[in-house]
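This report describes selected regions of a protein model. The sequence and structure are shown first, and the description follows.

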Amino acid sequence: MPHAREQLLSAELLSRYAGPCPRYTSYPTADRFVALEGGKQGGGRDDGEIQPWQALKDVETLSLYVHIPFCRSLCYFCACNKVITQQYGLASHYLENVLKEAQWYRDRVARAPVVQLHLGGGTPTFLNDGDLRRLVEGLGDIFDLRTDDDVEYSIEADPRTLGIETLDTLRELGFNRLSLGIQDFNPDVQRAINRVCSVEQVRELTENARAKGFGSISYDLIYGLPGQDVASLEKTVDAVLDLAPDRIALYHYAHLPERFKSQRLIDSDLMPAPSEKIAMQLAATRRLTEAGYVFLGMDHFARPEDALSQAAAEGRLARNFQGYTLMPADALVGLGASAISYSKDGYWQNQHSLKQYAAAISERGEAISRGWQLSDDDRLRQWLIMELMCHLSIDKREIEQRTGLPFAAGFGAELARLQPMFDDGLLGQTKGDLFVTERGRWFLRNAAAAFDSYLHSTETAARYSRVL
Ligand code: SF4
């Protein structure tokens with residue numbers, strides 16, 4: 001008998017909704033941000049028109065993100081902002097800039113508990129233990145870091161280079177969540193993407209991380225990679241299930257060699273056909289849900305006892321630039337090249353390239369290059385999109401109270417765009433709610449996109465990766 005999930009999701013449906021679509025880690029999406037005038041020496045940045053960081057003075061909780069862009073070798077599929085280098089000195093110098101940037105925030109942020117700290121990259125564990133310590137202790141001089149396990153302090157790690165002893169350092173520094181980039185265990189696929197890592201390496205790390213008290217271990221997997229097929233991916237998923245991570249992100253690989261130089265190193269003859277990718281998504285999803293993982297939405301799965309699954313069941317999930325979270329903070333301060341920050345007033349993003357980032361920090365202590373001040377309409381749509389993505393429903397009455405208009409009158413064009421999703425049983429409506437159905441969870445990006453006024457004001461869809 002076919003599994004219930006299989007009945008809910010069909011290849012035809014997946015292929016129909018596979019068009020380009022943003023991931024909505026922010027609204028508006030980062031590609032809408034506008035250039036901000038270069039700040040002047042001595043804090044002139046605060047004289048500009050767009051200055052959402054001013055709202056940092058009022059926050060009661062804070063998130064911190066630090067971008068560490070260095071990696072020792074290039075994974076061919078990579079679309080991240082990274083620098084491949086063997087020169088450790090670059091990282092050391094970069095760290096000084098990050099800590100200098102943190103200083104810029106010292107008088108601009110309320111002394112609020114940091115409920116989330118995330119080191120992303122690149123490869124944050126490119127830093128040696130001494131520099132990891134220097135970074136976190138330096139941040140602790142400026143921000144109110146916590147060492148209890150009621151906070152989410154996470155780090156992205158490359159299992160090929162993360163040493164067991166570094167796990168001790170990370171725990172001492174307060175990290176309680178570990179995210180391992182697995183991608184695929186098949187040796188042919190690993191060679192095709194230049195990222196070779198054995199199951200045994202990952203097992204050793206996972207077991208040690210658990211023993212040392214990391215409360216949540218998350219794996220990233222990718223489907224649609226060169227050389228993958230359904231059978232090989234199923235084997236990878238089985239090996240992953242054997243290691244039983246708390247959370248799994250199953251990402252789609254978007255092959256855009258014209259945009260990402262490193263992807264030109266992939267042999268395009270090895271790329272699976274779109275129909276094969278869909279079959280892979282179905283097969284991996286089936287394997288994971290049959291094994292008891294809860295599908296949270298988008299591409300995220302968690303064990304039923306994991307706090308994220310429980311939060312989803314209780315309507316407490318939130319979303320930020322790193323994906324789903326339990327601890328939404330009032331604001332995020334992003335440090336490092338290309339890092340994005342937000343407050344209730346808007347977003348701001350740092351210079352993308354290492355060179356420009358370093359020059360900006362040495363010139364004025366911050367490296368803000370782009371940003372966005374939220375309008376009332378942005379705030380409403382931001383809330384709508386987050387409600388859909390995290391709580392899988394929109395309370396129409398609440399919207400009506402906010403806008404003073406019947407929902408159908410205020411969002412007539414959006415409802416028309418969503419009509420195919422209603423017809424396909426991906427969304428439903430009552431008088432009070434618009435909600436995502438069980439099988440609609442795979443299409444949250446599509447539903448959210450209907451409320452994106454910028455996406456529909458200009459023809460820009462081609463900028464986004466395909467859902468499949
Ligand atoms: S996938 Fe990760 S480790 Fe590989 S090059 Fe990209 S950022 Fe570096």
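In this report, contact means heavy atoms within 4.5 Å. The structure is a predicted model.

## Annotated positions

An unreviewed UniProt entry carries the annotation "binding site" for Phe77, Cys78, Ala79, Gly122, Thr123, Gln183, Arg195, Asp220 and Ala254.

Asp220 belongs to strand β8, which spans residues 216-223. Leaving aside residues up to four places away in sequence, Asp220 touches Ser179, Leu180, Gly181, Ile182, Gln183, Ala249 and Tyr251.

With residues up to four places away in sequence left out, Thr123 touches Ile68, Phe70, Cys71 and Asp158.

Strands of a sheet pair through backbone hydrogen bonds, in either a parallel or an antiparallel manner. Here, three strands make up an open sheet with the order β18-β20-β19 and antiparallel pairing. Its edge strands, β18 (393-395) and β19 (427-429), each pair on one side only. From one strand to the next, the twist averages 15 degrees.

β20 (residues 433-436) runs antiparallel to β19, and three bridges join the two strands; a hairpin through three residues also leads from β19 to β20. Three bridges likewise join β18 to β20, again in an antiparallel arrangement. Leu434 in β20 stands opposite Gln429 and also opposite Ile394.

In a regular strand, side chains alternate between the two faces of the sheet.

Which strands does helix α13 lie across? Helix α13 lies across β18, β19 and β20, and runs at about 45 degrees to β18. Helix α15 (residues 412-423) lies across β19 and β20, with an angle of about 115 degrees to β19.

## The α12 and α13 pair

Helix α13 (residues 396-403) also meets helix α12 (residues 376-391); their axes come within 12 Å and cross at roughly 175 degrees. Angles over 145 degrees count as roughly antiparallel, so α12 and α13 are roughly antiparallel to each other.

On the α12 side, the contact involves Leu380, Trp383 and Leu384; on the α13 side, Glu398, Ile399, Arg402 and Thr403 take part. Classified by residue type, this contact consists of four nonpolar, one polar and two charged residues.

## A loop residue

Ala291 is found in the loop between α9 (274-290) and β10 (294-297). Is Ala291 buried, partly exposed or exposed? Its relative accessibility is 44%, so Ala291 counts as partly exposed. The C-alpha atoms of Ala291 and Gln51 are separated by 48 Å, and the two residues are 240 residues apart along the chain.

Methods
Residues numbered from 1 in each chain as written. Predicted model: local features only at pLDDT ≥ 70, side-chain atom pairs only at ≥ 80, totals over all residues. Heavy atoms only, no water. Axes fitted to C-alpha atoms, helices over the stretch in contact; angles between N-to-C directions. Helix = DSSP H or I, 4+ residues; strand = E, 2+ residues; numbered from the N terminus. Parallel < 35°, antiparallel > 145°, perpendicular 65-115°, else oblique. Nonpolar A, V, L, I, M, F, W, Y, C, P; charged D, E, K, R; others polar. Buried < 20%, exposed > 50% of the residue type's maximum accessible area, 1.4 Å probe, protein only. Pairing = 2+ DSSP bridges. UniProt positions renumbered as here; feature names shortened; annotations may be inferred.
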